[in-house]
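Below is a briefing on one protein chain. Please look over the sequence and the model before reading on.

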Amino acid sequence: MYMGLRIVGNTVYFGLQTGFDLVNGSQGFAPGDFAIDVDGDQVYDYAINFSISGSAVTYTLYENPVWEDVVYSQHNISNPFRNVGGDIIDTFFFDTGYGSGIFPNNIDGGVSHVLEGFFDLSALDLHSGGDILLHWTMECGNDYLQVTGVVPEPTSLAMCGAGLLGLLIGRRRLRK
């Protein structure tokens with residue numbers, strides 16, 4: 001299983017590759033939704049529900065989600081599993097956001113299911129800067145993935161650029 005989260009400018013990109021069937025589930029267990037923590041308090045402030053039709057994916061972004069836990073209580077570390085309510089913030093559609101098959105990085109040669117999408121960072125109005133945590137699991141809770149995306153701070157980037165510019169100017173003056 002792989003999951004990625006990347007923030008470039010004002011766009012949040014996310015992706016998931018898993019052997020778990022994201023369309024039909026597996027052995028009676030359903031796939032979960034994405035959970036997002038924007039302030040580091042380990043409470044998931046947002047959920048991304050998805051529905052798949054062919055290769056098309058519709059994502060719905062929720063604020064203040066209502067979470068359902070995994071089936072097995074001994075897997076509580078895998079929570080949350082699925083969003084069952086909350087305030088709908090946005091819906092976005094990707095006509096090629098889902099794929100399945102055998103990919104070169106499948107070590108055991110099994111079938112992988114891949115979801116990809118992106119949305120505007122400003123949709124996360126509870127986010128006040130800092131890192132963003134993305135979480136995913138399935139209903140049984142046997143496995144879960146979490147990844148943190150670092151949000152670049154414009155001030156830090158500007159200061160770094162100004163420092164580099166100062167070094168270049170100083171170097172030119174030394175040559176003269």
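Is Q27 buried or exposed? At 75% relative accessibility, Q27 counts as exposed, where buried means under 20% relative accessible area, exposed over 50% and partly exposed in between (1.4 Å probe, protein chains only). This is a predicted model, in which local features need pLDDT of at least 70 and side-chain atom pairs count only at pLDDT 80 or more, while totals for chains, interfaces and linings use all residues. Residues are numbered from 1 along each chain as its sequence is written, and side-chain values use heavy atoms, with hydrogens and water left out.

**Overall make-up**

- In sequence order the pattern is β-β-β-β-β-β-β-β-β-β-β-β-α.
- Of the 176 residues in the chain, 44% are buried.
- Contacts (heavy atoms within 4.5 Å) between residues at least 6 apart in sequence join residues at least 24 apart in 60% of cases.
- The chain has an accessible surface of about 9900 Å², and carbon and sulfur atoms account for 53% of that surface; accessible areas come from the Shrake-Rupley method with a 1.4 Å probe, and for residues only the protein chains shown count as cover.

**The open sheet**

- Four strands form an open sheet with antiparallel pairing, in the order β1-β2-β10-β9; two strands pair if DSSP finds at least two bridges between them.
- β1 and β9 (98-101) stand at the edges with a single partner strand each, so one side of each has no neighbour in the sheet.
- From one strand to the next the twist averages 10°, with axes taken as lines fitted to C-alpha atoms (for helices over the stretch in contact) and angles running from 0 to 180 degrees between N-to-C directions.
- β9 and strand β10 (residues 112-120) run antiparallel and are joined by four bridges.
- G99 has V114 in β10 as its bridge partner.

- Strand β4 (residues 46-53) is joined to β5 by eight bridges in the antiparallel sense, and F50 stands opposite Y59 in β5.
- β4 and β5 form a hairpin with two residues between them, and G54 in the turn has a positive phi of about 65°.
- Seven bridges pair β5 with strand β8 (residues 87-94), again in the antiparallel sense; V57 has F94 in β8 as its bridge partner.
- Strand β5 (residues 56-63) is largely enclosed by the rest of the structure, because seven of its eight residues are buried.

**The loop between β2 and β3**

- L22 is placed in the loop between β2 (11-18) and β3 (34-37), and its relative accessible area of 3% makes L22 buried.
- Not counting residues up to four places away in sequence, L22 touches L16, P31, F50, I52, Y98, H113, V114, L115 and W136; among them, V114 is also the bridge partner of G99.
- L22 and G32 are ten residues apart along the chain, and their C-alpha atoms are separated by 8.5 Å.
- Q27 also lies in the loop between β2 and β3, and Q27 has a positive phi of about 50° although it is not a glycine.

**The loops on either side of β6**

- N64 is in the loop between β5 and β6; its phi is near 50°, a positive value in a residue other than glycine.
- N64 counts as partly exposed, at 43% relative accessibility.
- N79 is in the loop between β6 (67-68) and β7 (82-83), and P80 lies in the loop between β6 and β7 too.
- The peptide bond joining N79 and P80 is cis, with omega of about 0°.
- N79 is buried, with a relative accessible area of 16%.
- Leaving aside neighbours within four places in sequence, N79 is in contact with Y44, D69, V70 and H135.

**Surface at β1**

- V8 is in strand β1 (residues 2-8) and counts as partly exposed at 40% relative accessibility.
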